[in-house]
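Subject: Structure handover

Hi,

Here is the structure I said I would pass on. Have a look through it first, and my notes follow below.

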Amino acid sequence: MKYISTRGNAPELTFEDVLLTGLASDGGLYVPKEVPQFTKEEIASWRDLSYAELAHKVIYPFVEGSVDSDSLKKMIDEVYSGFGHKAVAPVQQIDHNEYVLELFHGPTLAFKDFALQMLGRLLDYVLERRHEKVVIMGATSGDTGSAAIEGTKACKNVDIFILHPHGKVSEVQRRQMTTVEGDNIHNIAIEGNFDQAQDMVKASFGDQAFLRGERKLVAVNSINWARIMSQIVYYFYSALNLGAPERPVAYSVPTGNFGDIFAGYMAKKMGLPVEQLIIATNSNDVLHRFMSQNQYEVRPLKHTITPSMDIAVSSNFERLLFDLYDRDGAALADLMAKMNAKEDIVSLDESKLAKARELFDSYAVNEDVTIETMQEVYNETGYLLDPHTAIGVKAARACRRNPRIPMITLGTAHPVKFEEAVQRAGFDMPALPHHLADLMDRDERVSVLPAELDKVQAFIAENTFK
């Protein structure tokens, strides 16, 4: 499998190199040069596979040539045997033909465990073979950091530095990062917001001189293709459980950075009969405004009770735009230059937006409606949604095109991670799962730094080469 940049001016890479590269040298994101295709008959033959067996079928074409089949199988088995539910990604029914796909049974209780547990093992496999050490640098608005730390804490050839906005993630989210022991783990609380942290990560990838040429940076956020690749699996798994490929399906996806929903788009391109993908956002609604009004405009970030979606710039949207522009890297590079300027409102050619709207709908949900949806679903079913999932359910009910096909909302996190939202909705906090029962008593390790690039890079260099 070869990978190409969305901006068309970077070398083709193998999966192994893409895993270690992050952003392409031209500033673009790597995507597969050719998308694996599965026939309806092939997909139907997978119906009785376990989650791990299905993951091997879906993932192997993306890594072929870099990871052998047996090694991949061992990694997948290790990852998903550590999840807290035997089905790994169980489907919970909340109404007729309406479901929640529970993606919170991993070690950090969020959907990002599916990808970041795999990423850690893939890194260990590749770095061990290459006799290299790397530095992971990432920014998190909530769940990515803890999942990345948990997924890579045992990696012998990795130092990991995770930036989060100081005081702007939930206590459970923070503690899941700051209580993990390991000399290679460093938590940095930035006196700023997520987008400032993300900008510093992007700038560091663009100029890695602070690492003196002795190490390279590796991305753990959703720009890393390995994350998208791993998330494709649960679309196939849930669809097969509800009658695919003979029966089409629809999904509502709470999203900020567009990575999780792009995995659903990839599943459709690979042959899964996905009829509708709903982009569900909070008040940071850049994607909804773009899809509904054809206006891309970066606005100041708002802090909400759904912090994992508090993102003003949606990094992975570029991957979809690449397809909408018929994979014309030069044309996309021009468009991204305008979007990244963050000064003017940018619009697409109407024909290209029309192509996106054939599959995608969008909906934005404010805090009051999020709370109301949590209460509504609980009163109907006794099932407590986390606030991000509640946004997905509300968007699903508002945008559903065809009530005769299953509508699946991605349940992105466990409600225990979002105390403010649960209490505002009038519920008692659910108990932490057994493996996290003592989380509030564990010692924390975190460094608070100003949102200044030179100070953050100096901290990373000092702790990498000490």
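Is W225 buried or exposed? W225 is buried, because its relative accessible area is 0% (buried means under 20% relative accessible area, exposed over 50%, partly exposed in between, with a 1.4 Å probe and protein chains only).

Before the rest, a word on where this comes from. This is a predicted model, where local features need pLDDT of at least 70 and side-chain atom pairs count only at pLDDT 80 or more, while totals for chains, interfaces and linings use all residues. Residues are numbered from 1 along each chain as its sequence is written, and side-chain values use heavy atoms, with hydrogens and water left out.

Back to the aromatics. A search of the whole structure turns up 24 aromatic pairs (ring centres of Phe, Tyr or Trp, the last by its six-membered ring, within 6.5 Å; planes under 30 degrees apart are stacked, over 60 edge-to-face, the rest tilted). For F62 and W225, the ring centres are 5.8 Å apart and the planes stand at 55°, so this pair is tilted. F62 belongs to helix α3 (residues 51-63) and W225 to helix α9, so the pair ties together parts 163 residues apart in sequence (helices are DSSP runs of H or I with at least four residues, strands are runs of E with at least two, and both are numbered from the N terminus). F62 counts as buried too, because its relative accessibility is 0%. Another pair, F83 with F114, is edge-to-face, at 4.9 Å centre to centre and 65° between the planes. F83 sits in the loop between α4 (69-81) and β4, and F114 in helix α5 (residues 112-130), so here the parts tied together are 31 residues apart in sequence. Both F83 and F114 are buried. There is also an aromatic cluster whose members include F62, W225, F290 and F360.

Next, the sheet. Its 6 strands form an open sheet in the order β4-β5-β13-β10-β11-β12, with mixed pairing (two strands pair if DSSP finds at least two bridges between them). β4 (91-95) and β12 (360-364) are at the edges with a single partner strand each, so one side of each has no neighbour in the sheet. On average, neighbouring strands are turned by 25° against each other, direction ignored. Helix α9 (residues 225-241) packs on this sheet, touching β4, β5 (98-102), β10 (249-254), β11 and β13 (407-411), and its direction makes about 135° with that of β10 (contact means heavy atoms within 4.5 Å; axes are lines fitted to C-alpha atoms, for helices over the stretch in contact, and angles run from 0 to 180 degrees between N-to-C directions).

The largest nonpolar core has 110 residues, and Y80, Y235, F236, Y251, L321 and F360 touch the most other members (a core is a set of buried Ala, Val, Leu, Ile, Met, Phe, Trp, Tyr and Cys residues joined through side-chain atoms within 4.5 Å). Helix α9 gives the most to this core, with 12 residues. A second, separate core of 23 residues includes M200, V201, L211 and L217.

Cheers
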